[in-house]
Amino acid sequence: MNAREKILGKIRDAQLRSNANNGASVENTLSIAQHLAQHPRGPQPPVIGDLLKNFKERCLKLSSDVLETTNRGDVPNLVARYLNEKNLPTQGVCWPLLSALPWREAGLDIQSRPSNSQDAVGVTGAFCAIAETGTLMTLSGKETPPSTSLLPETHVAILEPSRIVASMEDAWELVRKEFKQPPRVVNFISGPSRTADIEMTVTMGAHGPYRVLVIIAPLT
Amino acid sequence: MQNNSINFKKQATIKLADVRLQNALSRLQSRFVGGRAAVISEINDFQETRTAAAAVRDMALNDLEHWLLQFEQQATARGAVIHWAENGDDVNRIVAEIAALHGVRTAAKSKSMVSEECGLNDALEKAGVKVMETDLGEYILQLAHEAPSHIVAPVVHKNKEEIADLFADHHHTPRKTGIAELCREAREVLRPVFLNADMGISGGNFMIAETGSVLIVTNEGNGRLVTTLPRVHVAITGIEKVVPTLEDVTTLLRLLPRSATGQSITNYISLLTGTKSSEDHDGPEHFHIILLDNGRSSILGSDMQKMLRCIRCGACMNHCPVYQNIGGHAYGWVYPGPMGSILTPLLGGLEASPDLPNASTLCGACGAVCPVRIPLPDLLRNLREKQMERGMKTRQETFLLKSWAWLALHPKIYSFSTKIGVRLMKMMGGNKKLIHSLPGAPGWTNGRDFPAPSGQTFRELYQQGKHS
């Protein structure tokens, strides 16, 4: 008997023991199928008021920076100003679907390719964002490599405001609606990477970005 | 990892006298305990969410076989390979085989307490694989050849001076003193490790049966790096960590970071499903998931099953007056604090850890803060009962308990002897009303004085009060 059979056998025996006490049996199988089909939600804290306002407030609490524009073409200028103010390098990479933005005109060297460890800035979009916590949700794929939001020291995320949902549950619902199954990795990003391992002192920029800039900009 | 919990009392005594440790532990209290208190109020109905979280865990545990099979089926369909391990040695052998299969020479590892159970790093080094810990705390411990002393903040027992010395020694760089500088130095040392590793090793906070995914939660981003860059990813987790659906895990995620570090949400939550597709630029080509039993199946279906709800947040230890004073190492194995005092005897045998169920004042704080409502004080009491039933108490303890029981059954003798007792103790207390050494229980007064009683018993005082 292999380890799999042995472990599952022990689990089965244990369950028979406890089911004998609780009187559970066939209904369980039914409720399993039901539970998977209905995937009921647990209690959710209500997000009161405007989703965008909530999202922005939560972003700031996570130490993310937030900028807003009604003109998507203005995004590179906002990025350039942000980097210059902080005296940061202006070279980086972006997701392919953002390559058409006027980066060069804003004085930035942003290339459309996956990131390597030398790139200073990584520009991504987001599948959606969560107002409850100020979180960005990204899905991996050909056009959306996850390393772009991870390897560079500055992560810029461009967010379409209509893609802000209230909760993580709402975000899962969007994934279910738009895809059959989750991609290789779904990342929830809540501010810059950090550690408090040394003397419980929160320090930004552990292994991922030192800063996250969210730019809220409608597509049209 | 070798179970050394048999030496609990000796180790606890040493830790109590360690001033540096005491200072370090006080930081834990303000950051984690204070942080938790501040963020749980963000959830309107925190108690209801705890109840829902406990129900999610119970649903998974009560039908564990179904959910594990569902998980296995879904994960396999997405290209992951599932391995089953009965014990730590199995895990070590399986990881070494995976390494050999894919020609792995170097591995980058993110934090995994399950791998600490197995002593994986030593086993892999023996198999010729160079393993680097990448969680900052675990990396520091690897340099210092020490074990974690907390399941969330593994290096809480060290101060920055010690870490500065370690880095200067191992990195051959000028000694840094600022915490931000130390963090940057570790980042720069470890970045090439991520980029060059053949294999990434991670734990798994949860497995999602619905999608066949492994979910990991990290703040530093190392969890994302080790599961994105190397061509092989091995996730190691316990068989109990499965949950049915994405909604179910979301309920748990509202509580895990809040209870653990006082954060509303952890920086990175990654849901990992299957292997890199032909179109993906990054991600592992091979994804192996190892499910470890190591005694968990024997807890299932027993009066201790609720312990398997545990989501490893560490809130019980952060709030435990015993842990707060002795730290994690005294507990002698991977899991310290109240959850460890239950899990270590359950996984490693009650005989090997006789002191752990008694390393609690039963103040109830652990049970009150547990996000999945594990009745930790009740479980500790269950273990104490088992010790009594198996005749594991010392002769002295049994004698004292029996004497007290006899006395309590004879009220006149009880009244007479306590009258003498409190008067004697008052005399011993002298002007300062403190007893420096308690006869018959010298251990009690080793680190503190015993406050002397007023000289009258409660019953005497009660009688006086009635007549005045």
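This report covers the domains of chain B and the interface between chain B and chain A in a predicted model.

## Domains of chain B

Chain B splits into two domains: domain 1 spans 5-11 + 40-297, and domain 2 spans 399-467. Over C-alpha atoms, the centres of domain 1 and domain 2 of chain B are 52 Å apart.

## Extent of the interface

The size of an interface is often expressed as the accessible area lost when the parts come together. Between chain B and chain A, the buried area is about 7600 Å², with carbon and sulfur atoms giving 56% of it. Of the area that chain B buries against chain A, 10% is supplied by B:Arg187, B:Arg224 and B:Glu247, more than by any other three residues.

In residues, the contact takes 98 from chain B and 77 from chain A. By class, the side of chain B that touches chain A has 40 nonpolar, 31 polar and 27 charged residues.

## Polar contacts and salt bridges

There are 46 residue pairs in polar contact across the interface of chain B and chain A, with both residues at pLDDT 80 or more. Helix α10 of chain B (residues 179-196) contributes 10 residues to the side of chain B that touches chain A, the largest share.

The two chains have 10 salt bridges between them. B:Glu247 forms a salt bridge with A:Arg176, where the closest N and O atoms are 2.8 Å apart.

## Strand pairing between the chains

Strand β9 of chain A (residues 185-189) pairs with strand β9 of chain B (residues 268-272). The pairing is antiparallel and runs over five bridges. Within this pairing, A:Val185 stands opposite B:Leu272 in β9(B).

Key
Residues numbered from 1 in each chain as written. Chains lettered and ligands numbered in written order. Predicted model: local features only at pLDDT ≥ 70, side-chain atom pairs only at ≥ 80, totals over all residues. Heavy atoms only, no water. Domains from an automatic or database assignment. Contact = heavy atoms within 4.5 Å. Buried area = accessible area lost by both parts, 1.4 Å probe. Salt bridge = Lys/Arg side-chain N within 4 Å of Asp/Glu carboxyl O. Polar contact = N/O pair within 3.5 Å; in protein donor to acceptor, adjacent residues only side chain to side chain. Helix = DSSP H or I, 4+ residues; strand = E, 2+ residues; numbered from the N terminus. Nonpolar A, V, L, I, M, F, W, Y, C, P; charged D, E, K, R; others polar. Pairing = 2+ DSSP bridges.
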